[in-house]
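Okay, thanks for having me, everyone.

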Amino acid sequence: MGQILDGKAFANLKADKLKEKVKKLKADGIQPLFCVINIGDDSASKIYVRTKKRRAKKIGIEQKIYQLPANEQESDVIKLIDQLNVDPKVNGIMVQLPVPDQIDENHLLSRIDPEKDVDGLTPASAGRLWQGTHFVEPATAAGIIGLLEHYQIDLDGKNMVIIGRSNIVGKPLAALALEKNATVSLLHHHTQNLKEYTQKADIIVSAAGQANLITADMIKPGAVVIDVGINHVNGHLVGDVAFDEVKDKASWITPVPGGVGPLTVEYLMEQVVKLTRRANG
Ligand code: GUN
């Protein structure tokens with residue numbers, strides 16, 4: 001029976017530490033301010049934005065939400081980003097993804113000042129991540145590495161298979177895991193015979209967004225299984241892993257919900273605190 005990697009409990013521990021750091025900043029007269037730009041009415045985005053607001057408040061970070069209409073023009077969003085970039089009170093900026101079709105997300109992301117890039121998704125931050133000179137990390141990827149470290153699961157020399165090559169999770173996680181000396185395979189929907197890779201993996205991270213993608217026959221006994229999937233099946237939130245059968249074969253496994261999800265928001269808040277301290281020397 002695999003043991004549970006309890007992301008929720010770890011997220012609460014992190015929140016307590018962050019609260020202390022924010023208290024110290026406030027004692028020095030510094031109020032961290034984090035701005036979220038959300039364009040349109042994607043239902044998942046609305047939930048993310050609300051969750052972030054709640055967690056920010058708990059930690060003592062001020063969050064400002066710029067809710068823009070679905071037909072907003074790219075040039076107007078760019079103007080807003082430019083204003084926030086030069087506003088000395090603003091410590092962090094993020095554009096909630098996805099954005100509506102008339103807007104090119106890369107144009108927006110590349111406009112954010114890397115010194116305020118809480119999401120680690122600007123081209124400068126992504127480049128620094130692969131160079132090993134980064135000062136921000138995309139939150140979900142950082143949360144996964146943090147969770148493994150918290151449970152003292154060493155990555156050095158391990159075979160790590162990541163399924164999903166997104167800029168938000170798969171690619172940054174590959175960079176961070178390489179830094180920890182894992183041997184990384186980055187799989188995606190063109191990969192042939194997934195099982196050939198997953199059966200050799202010491203650590204499997206699935207960020208594919210497909211329920212029941214990872215079944216017990218695909219993993220080796222004692223593997224560590226991290227589930228980043230968020231799928232809605234018959235009104236229930238499930239991950240990518242067939243949890244009930246995989247948990248008996250894995251050594252460690254994250255549940256959905258309560259695994260990676262709560263960590264993402266907490267790590268995002270950590271980046272806000274990090275950038276606030278950096279901006280204030
Ligand atoms: N939408 C879902 N996850 C994320 C994320 O990590 N960053 C941004 N900017 N948008 C998202």
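Helices here are DSSP runs of H or I with at least four residues, strands are E runs of at least two, and both are numbered from the N terminus. What you see is a predicted model, where local features need pLDDT of at least 70, side-chain atom pairs count only at pLDDT 80 or more, and totals for chains, interfaces and linings use all residues. Residue numbers start from 1 along each chain as its sequence is written.

Strand β2 (residues 33–39), helix α2 (residues 43–59) and strand β3 (residues 62–68) form a right-handed β-α-β unit. β2 and β3 are parallel, with seven bridges between them; pairing just needs DSSP to find at least two bridges. N38, for instance, has Q67 in β3 as its bridge partner. β2 also runs parallel to β4, joined by four bridges, and there C35 is partnered with I93.

Now the ligand. Around it sit Y48, M94, V95, Q96, L97, D119, A139, T140 and I168, each with its C-beta atom, placed from the backbone, within 6 Å. β4 (92–95) and α6 (139–150) each give two or more residues to that shell. By type, the shell has six nonpolar residues, two polar and one charged; Ala, Val, Leu, Ile, Met, Phe, Trp, Tyr, Cys and Pro are nonpolar, Asp, Glu, Lys and Arg charged, the others, Gly among them, polar.

Why does the ligand lie between the domains? Because domain 1 (30–113) and domain 2 (139–261) both give residues to its shell. Those bounds come from an automatic or database domain assignment, and the C-alpha centres of the two domains are 28 Å apart.

Most peptide bonds are trans, and most residues other than glycine have a negative phi. L97 to P98 is cis, with omega near 5°, and P98 is in the loop between β4 and α4 (105–111). V256 to P257 is cis too, omega about 0°. N234 has a positive phi near 50° and counts as exposed because it has 5 C-beta neighbours inside 10 Å.

Terms used: A residue is buried if 20 or more other C-beta atoms lie within 10 Å of its own, exposed if 12 or fewer, and partly exposed in between; C-beta atoms are placed from the backbone. A crossover is right-handed if, with the strands pointing away from the viewer, the path from the first strand over the helix to the second runs clockwise.
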